[in-house]
Amino acid sequence: MSTPDQRLTFRNIGIVGTGAMGRGIAQIAAQAGATVHMLDAQPSAVEAACHALRDTWDKLVAKGRLEASAAAACAQRLVPVTEVAQLAPCELVIEAIVERLDAKQALFAQLEDVVAPDAVLATNTSSLSVTAIGSRLRAPQRLAGFHFFNPVPLMKVVEVVRGLKTDAGVAERLAAFARDMGHTPVLAQDTPGFIVNHAGRGYITEALRIAGERVADFATIDRILKDQMGFRLGPFELLDLTALDVSQPVMESIYHQYYEEPRFRPSVIAAQRLAGGVLGRKVGEGFYRYVDGQAQVPPEPPLPTVTSLPPVWVPGRAARRAELLQLLNDLGATIETAAQPSADALIVVAPLGHDVTTVAAVERLDPGRTVGIDMMLPDGAVKRRVLATNPATRSDMRAAAQALFARDGKAVSVIRDSGGFVTQRVVATIVNIAADICQQGICTPADLETAVTLGLGYPAGPLAMGDRVGAASVLEILFNLQTVYGDMRYRPSPWLRRRGALGLSLLHTED
């Protein structure tokens, strides 16, 4: 057996639970130079995990990403064990077993009787309270959360979670060990969902809510969020990838752990699909159907044929009026400048947070000729324009608007009326939840940004996303969404309100 690297924070570690997560942690720990003792309730599972890891290292050698001698050394650092007592030499033991509080408590009670008094205990739980897991220990201060993400070698972030009694030094040592393994640690307080699963509520739950209102179909919502904000996967592509039997229980767990906080409210759409076994890619059917592993995405509707375009009129009090007029001019529209539109004019508005219906009613516009466009972001920054009709919009005006805004070849989606269109709603919800994470002191703004970009793959951290839109604009969207829907879900976080009112960056921290 090779000698453990003396520079490591922990040279001998134990991993209990050798499923995908346990294997992944074992891989990066062994590659860092630690000796890894592996234990599972099923001895055959340990053997299978060791075989799978050796196979992984052989493949890395074949690809030229690992030296053969390094692969052999990694394999030598794996120590299969059959009982908890054999973990006695470990300076750190990481639990990656079933997500059941009683099972984790029982395991750590056993470990406490076996390992040295200064050994660190860590749980990889994703949804249970670290404080509750450690509540039966004599020394709960040595237990912390050490939450990795699948696949562990590729997902380079790990949440180090302090329970109510966790010693600060324990968290610091775990963070140092994460860096030893090439990962980026983020520090979190013990709250439901920690950082990543907490911050990720906005993207999925708001998209489900939009779909539930029949604003647009799944594919259209995915296209809009990818092309307007740069998300790598649309929310329904993401749900199909993670699978509803994983995602839906997490949504429900966080919602209930926060005592039915409206911001985290799950959707009946996901619950029904879970009950029906329509889980996602792994079963060949989810929000999309899959053939040979490929999603069968419905084609975009064809552009309407319009022989002549009507003149366009923009209300004097329209949001983003200057930007909208510039866009219309660039598209070669005939723009009316009178105080009122002519009888033939297409009326275009660009609401922030409001729906087209509300704007038409308040401004006393002819709803049959009124269409909305999402101008939250500069037109040059998006790959797709999104238009919204109201229930009274005439089909000829809808067709004319779509043809006009597609004139330069940019993709155009037309959705039903919705407060905040699609992107405004989703982005404002993401930013608002992130702001409240900072308000609660769950983590620092910097760690929040790191956790979300590495753990969720967002195009930017949620606070940076809010700065891009502008805190004042995000606030306006949320206030107007709350007016349209009458739902406390959209109430702005104090962190967001104060920084928006003072013109501060959402990344600003108080002295």
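In what order do the eight strands of the open sheet lie? In this predicted model, the order is β3-β2-β1-β4-β5-β6-β7-β8, and the pairing is mixed. Strands β3 (78–80) and β8 (184–189) form the edges. Each of these two strands pairs on one side only. Neighbouring strands are turned against each other by 25 degrees on average, with direction ignored.

Within the sheet, strand β1 spans residues 12–16 and strand β2 spans residues 35–39. The two run parallel and are joined by five bridges. Val16 stands opposite Leu39 of β2.

Helix α17, formed by residues 445–456, lies across β7 (157–162) and β8. The helix runs at about 120 degrees to β8.

Helix packing was examined for one pair. Two packed helices are described by the angle between their axes and the distance between the axes. Helix α16 covers residues 423–439, and helix α20 covers residues 494–502. Their packing angle is about 100 degrees, and their axes are 7 Å apart. Angles of 65 to 115 degrees count as roughly perpendicular, so α16 is roughly perpendicular to α20.

On the α16 side, the contact involves Val431, Asn432, Ala435, Asp436, Cys438 and Gln439. These residues meet Pro494, Trp495, Leu496 and Arg498 of α20. By class, the contact between α16 and α20 comprises six nonpolar, two polar and two charged residues.

Key:
Residues numbered from 1 in each chain as written. Predicted model: local features only at pLDDT ≥ 70, side-chain atom pairs only at ≥ 80, totals over all residues. Heavy atoms only, no water. Pairing = 2+ DSSP bridges. Helix = DSSP H or I, 4+ residues; strand = E, 2+ residues; numbered from the N terminus. Axes fitted to C-alpha atoms, helices over the stretch in contact; angles between N-to-C directions. Contact = heavy atoms within 4.5 Å. Parallel < 35°, antiparallel > 145°, perpendicular 65-115°, else oblique. Nonpolar A, V, L, I, M, F, W, Y, C, P; charged D, E, K, R; others polar.
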